[in-house]
Amino acid sequence: MFELIMPVEELEVRSRSPLFVAGQIWAVIDGVDFPGARWTDSPISVLGSLGTAIQAVRRGEVGEVYFFDGPYYLKFIPENRLDSTSLKIGVVAVCDRDSDEGVAWIRGKVALSEVMQKYQLTISFLRGWAESQGEAAVLDLLSHMPSVTPH
């Protein structure tokens with residue numbers, strides 16, 4: 001199971017030039033919060049990293065999702081070469097503070113389609129928040145996020 005949690009009611013635009021939106025974002029992998037429940041970060045940057053990682057996995061490459069306020073990242077490893085709707089990926093949650101290689105905290109397998117769905121849903125929630133708050137700069141930034149629509 002893969003979840004992506006980003007409480008939009010906690011988002012705060014802290015700077016407009018350059019644009020910086022702070023808030024909480026974390027993943028739940030097989031019931032374990034990573035990097036931790038209510039993790040504060042730059043959620044838009046994490047989402048962009050997730051979109052890029054999804055695109056890499058769809059090409060058959062390893063993808064990495066970075067959390068920017070700490071030494072944490074997710075590694076997505078393609079497990080089979082089926083189409084993206086049935087592709088399984090290995091998910092490894094890593095803290096690279098302790099060694100050059102990093103320490104794996106969590107290992108799991110999920111359907112890429114589930115990760116894609118969570119990404120798209122989170123982008124949708126963020127877009128709704130930006131529209132309701134009149135945050136045109138956030139909406140513009142979201143228009144440049146990696147696309148992960150099925151093909």
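Two strands pair if DSSP finds at least two bridges between them. Strands themselves are DSSP runs of E, at least two residues long, and helices are runs of H or I, at least four; both are numbered from the N terminus. With that settled, here is the model.

It is a predicted model: local features need pLDDT of at least 70, side-chain atom pairs count only at pLDDT 80 or more, and totals for chains, interfaces and linings use all residues. Residues are numbered from 1 along each chain as its sequence is written, and side-chain values use heavy atoms, with hydrogens and water left out.

First, the whole chain. The secondary structure comes to 3 helices and 10 strands. Along the sequence, the pattern reads β-β-β-β-β-β-α-β-β-β-β-α-α.

Now the dimensions. The C-alpha trace spans about 40 × 40 × 25 Å along its principal axes. The radius of gyration, taken over C-alpha atoms, is compared with a globule rule of 2.2 Å times the number of residues to the power 0.38. For 151 residues, a compact globule would come out near 15 Å, and the chain has 15 Å, so the two agree.

Next, burial and contacts. Buried means under 20% relative accessible area, exposed over 50%, and partly exposed in between, with a 1.4 Å probe and protein chains only. Of the 151 residues, 46% are buried. Contact means heavy atoms within 4.5 Å. Among contacts with a separation of 6 or more, 45% come from residues 24 or more positions apart.

Take the β1 side. Strand β1, residues 2-5, runs antiparallel to β4 and is joined to it by 4 bridges. Leu 4 stands opposite Ala 27 of β4.

Then the β5 side. β4 pairs with β5, residues 32-34, over 3 antiparallel bridges. Val 28 has Asp 33 as its bridge partner, and Ile 29 has Val 32. The two strands form a hairpin with 2 residues between them, and Asp 30 in the turn has a positive phi of about 50°.

So what covers β4? In a regular strand, side chains alternate between the two faces of the sheet. In β4, residues 26-29, Trp 26 and Val 28 lie on one side, Ala 27 and Ile 29 on the other, and all are buried. Both faces of β4 are covered.
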